[in-house]
Amino acid sequence: MIDHTLWLPYTQMQTTSTPIEIVASEEEYLITKQGTKLIDAIGSWWTSCYGYNHPAIVAAIQSQAETLPHVMLGGIVHPQAQRLAHRLKALLPADLNHVFFANTGSEAVEISMKMAIQYWLNQGQTRTQFVCFEQGYHGDTFYAMSVCDPVEGMHHIFKNALPKQLHTPIPRSKENLETFKTWLRLHKNQIAGVIIEPLVQGAGGMKMHTPQVLKEIDTVCKELDLLLIADEIFTGFGRTGSLFAINQAHVVPDIICLSKALTGGTLPLAAVIARTPIYEAFLSDNPEAALMHGPTYMGNAMACAAANAVLDLFSTEAWQENVQKIQTQLQNALVPLSNSAKVKEVRVLGAIGVVELQQNVAHDKAWFVKRFLESGIWLRPFGNIIYTTPCFNMRSINLQRITEAICKHIHDWKT
């Protein structure tokens, strides 16, 4: 029987089935109350890049908890936040030098949009709208919802309550790019920024575009002096095969948002990182020109310690080689599904494997979840997507179990 005291996310509580109770985790496994080990095929919503309970990350959190669990950053700093800020700066290209910490991805997007609007205000210009892309998803808070897909996204019922933004398809051809450029010129003086998920639009349907498309969007933004915000909350930290998706297009956004895998799926932490010209627009004798934002738990010391441990792993582990192996295994196992009449398209990039079906699986979601559980796998489809985002150190045999189960259950699915 479901406990209605605990209100679950993205869930119709009246009709949902009893959720799986997880009491422990290890490596790529979730362990149920009954002691069953489930392979986590989706990495706890794309966060656990090094699996669960990694000893280096656990040790860093435990040590920090014994020393300084948290102190607010209002007039105070601590070593873990300082170290992490400098390390993120060193990993990012060009002059993405100024790190503002937050707690969640949605909050990071809100801050980036607030930052962009105030950047223009501090220069005497009022620009309040954002260019965003169809199939995009940027979070569940109000400004973040406003730049999600307005029709197919999960937030369309709020459309009359949200700020009006400028939604457009991603320009994937030369002709579309010229149309996009002309359209941007028409709206230039009202645009605070252009926000995009580089290479992969995550929760909007795992739609992918090429590095060249991203590069062309960046070039247009620079030509028209428009701010580009890269939402790398999903794609950051190795998921697409490079440390950041922007690396593949040699793009330097004005602002980048990071979260999810930043702490290896252990503690809430996000970062909004701005280029030097953005930061300098907030430097003034006028107190009102400062960025007036400050989450209570921003830069939490334990979360920063976890993130520093994760960055240590990225500097010592063969993560790129592992992600390349995962990509090859996903391609070999899933691409043959393209021949199925039930399948619209198969997409693979880095440690992301996506099977887009011809039909929405909303009414059959419980059926799929049950079948995957019977296969010893935790995997939840959404929309018309069945996907896997495994941890980078997942054993090949377990990834094989995931892909075999995907193929089998799609084959058995009665449409």
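The structure holds 17 salt bridges. The model is predicted.

**Exercise 1. Where in the chain do the partners E28 and R395 lie, and is each one buried, partly exposed or exposed?**

Solution. 
- Step 1: the contact. E28 and R395 join their side chains in a salt bridge, 3.0 Å from N to O.
- Step 2: the places. The pair connects distant parts of the chain, 367 residues apart. E28 sits in the loop between strand 1 (22-26) and strand 2 (29-32). R395 sits in the loop between strand 16 (385-388) and helix 13 (396-412).
- Step 3: The relative accessible area of E28 is 3%, so E28 is buried. R395 reaches 36%, so R395 is partly exposed.

**Exercise 2. Which helices hold K181 and E223?**

Solution. 
- Step 1: the contact. A salt bridge joins the side chains of K181 and E223, at 3.7 Å from N to O. The cut-off for such a pair is 4 Å.
- Step 2: the helices. K181 belongs to helix 6 (residues 174-187) and E223 to helix 7 (residues 211-223), so the bridge ties together parts 42 residues apart in sequence.

**Exercise 3. Take the salt bridge between E356 and K344. Which residues make up the network joined by salt bridges that share partners?**

Solution. 
- Step 1: the contact. The closest N and O atoms of E356 and K344 are 3.7 Å apart.
- Step 2: the strands. E356 is in strand 14 (residues 352-357) and K344 is in strand 13 (residues 343-349), 12 residues apart.
- Step 3: E356 has 3% relative accessibility, so it counts as buried. K344 has 53%, so K344 counts as exposed.
- Step 4: the network. Through shared partners, salt bridges join K207, K344, E345, R347 and E356 into one network.

**Exercise 4. Which residues form a nonpolar patch on the surface, and where is M154 found?**

Solution. 
- Step 1: the members. Y10, W45 and M154 form the patch. Together they have about 320 Å² of accessible area.
- Step 2: the place of M154. M154 is in the loop between helix 5 (142-146) and strand 6 (166-168).
- Step 3: Patch members need over 30% relative accessible area. M154 has 40%, which means partly exposed.

**Exercise 5. At what angle do helix 3 and helix 10 pack, and what is the handedness of their crossing?**

Solution. 
- Step 1: the geometry. Helix 3 (residues 79-91) and helix 10 (residues 301-316) pack at about 40°, and their axes are 9 Å apart.
- Step 2: the class. That angle makes helix 3 oblique to helix 10.
- Step 3: the hand. Helix 3 and helix 10 cross in a left-handed way.

Notes
Residues numbered from 1 in each chain as written. Predicted model: local features only at pLDDT ≥ 70, side-chain atom pairs only at ≥ 80, totals over all residues. Heavy atoms only, no water. Patch = residues over 30% accessible without salt bridge, like charges linked within 9 Å, V, L, I, M, F, W, Y side chains within 5 Å. Areas by Shrake-Rupley, 256 points an atom, 1.4 Å probe, with all protein chains shown as cover. Helix = DSSP H or I, 4+ residues; strand = E, 2+ residues; numbered from the N terminus. Buried < 20%, exposed > 50% of the residue type's maximum accessible area, 1.4 Å probe, protein only. Axes fitted to C-alpha atoms, helices over the stretch in contact; angles between N-to-C directions. Parallel < 35°, antiparallel > 145°, perpendicular 65-115°, else oblique. Left-handed = near helix turned anticlockwise from the far one by under 90°.
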